[in-house]
Amino acid sequence: MKHVKYISLTLLLVLLVGCGNEETSNNDAQSEAKDTEETSESKEEAASSSDAPEDANDEASEEQADESSTTKQAYYVDPASYRILPLEDDASRVALLTIDDAPDQHALEMAETLKEHDAPAIFFVNGMYLNTEEGKDTLQKIYDMGFEIGNHTMTHANLSNLDPQATVDEIIPVNDMVEEITGERPRFFRAPFGVNTDASIQVTEDEDMTLMNWTYGYDWEAEYQDADALADIMVNTELLNDGANLLMHDRAWTKDALSEIVSGLRAQEYELIDPANIQSAREEDTDEE
């Protein structure tokens, strides 16, 4: 009888030990699986974290490269001839389009035509056309289409007839008006009739602007106050050469000729310069700093 009891107790102990080992094994297996899962997740999170800054850095670098490419000036205004010349060797033939006396009656339509042709230009404005809400609105629309705005004085006066203070009054207020409307002061100044004086040159320097006359233009001459005649002479004149600075005005016949002028220049393989790529005194001063 005692022998039977002894055997029963022995069997019970074996069963208890076996259950304990099995539970421990199960716990160990679950713990290992959990540790493996947590390690995998940690690795994935670490990999994800390391990828994120790299992508962000790549995007930032691309944005900086884009900004650099859009702000770099490749041309300058030759002060002797007013041709647009490259800062470095460039084999392409270029020409600049400019529109004076804006925004009078046709400047907005001219800007729309140029925009349709993806043709950049400078619109030189007179302050007397910016005194009305309509004039301000027109200038804002032209600027919003991506066109450079230049200063062409307040009243289109011949500066040689003015004293120094009157010259200041013809130029500075226009810069103020343009800045108030567009948020940007003009970088280029064109004197009416191409007549500059010591006073206008000084004001231009003080305002960090660059003087810009032109190399040729015809639309004020009676025989070219016709769209067909004007379009023909503007692209076939002997004065058209590399770096040409074309003068046009806010006039009905010029508006009507503009599309043909752009097409004619491109047919002769002229690249139309974006004024944003022309260095002005403002950028020269920044570079020196």
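This is a predicted model: local features need pLDDT of at least 70, side-chain atom pairs count only at pLDDT 80 or more; totals for chains, interfaces and linings use all residues.
As for what is tucked away, 39% of the 289 residues in the protein count as buried. The chain is built with 8 helices and 11 strands.

Helix α4, which covers residues 164–182, packs against helix α5, residues 198–206. Their axes sit 9 Å apart, at an angle of about 45 degrees. Angles from 65 to 115 degrees would count as roughly perpendicular and those under 35 as roughly parallel, so α4 and α5 end up oblique to each other. The crossing of this pair is right-handed. On the α4 side, the contact is made by P164, T167, V168, I171 and I172, while α5 brings in A199, S200 and V203. Sorted by class, the contact of α4 with α5 has 6 nonpolar and 2 polar residues, and no charged ones.

Helix α4 also meets helix α3, residues 133–144. Here the axes come within 9 Å and cross at roughly 70 degrees, and α3 and α4 are therefore roughly perpendicular to each other. The crossing of α3 and α4 is right-handed too. From α3, the residues making the contact are K136, L139, Q140 and Y143, and from α4 they are V178, I181 and T182. By class, the contact of α3 with α4 includes 4 nonpolar, 2 polar and 1 charged residues.

How values were computed:
Residues are numbered from 1 along each chain as its sequence is written. Side-chain values use heavy atoms; hydrogens and water are left out. Axes are lines fitted to C-alpha atoms, for helices over the stretch in contact, and angles run from 0 to 180 degrees between N-to-C directions. Helices (H or I, at least four residues) and strands (E, at least two) are DSSP runs, numbered from the N terminus. Angles under 35 degrees count as roughly parallel, over 145 as roughly antiparallel, 65 to 115 as roughly perpendicular and the rest as oblique. A crossing is left-handed if the near helix is turned anticlockwise from the far one by less than a right angle, and right-handed if clockwise. Contact means heavy atoms within 4.5 Å. Ala, Val, Leu, Ile, Met, Phe, Trp, Tyr, Cys and Pro count as nonpolar, Asp, Glu, Lys and Arg as charged, and the others, Gly among them, as polar. Buried means under 20% relative accessible area, exposed over 50%, partly exposed in between (1.4 Å probe, protein chains only).
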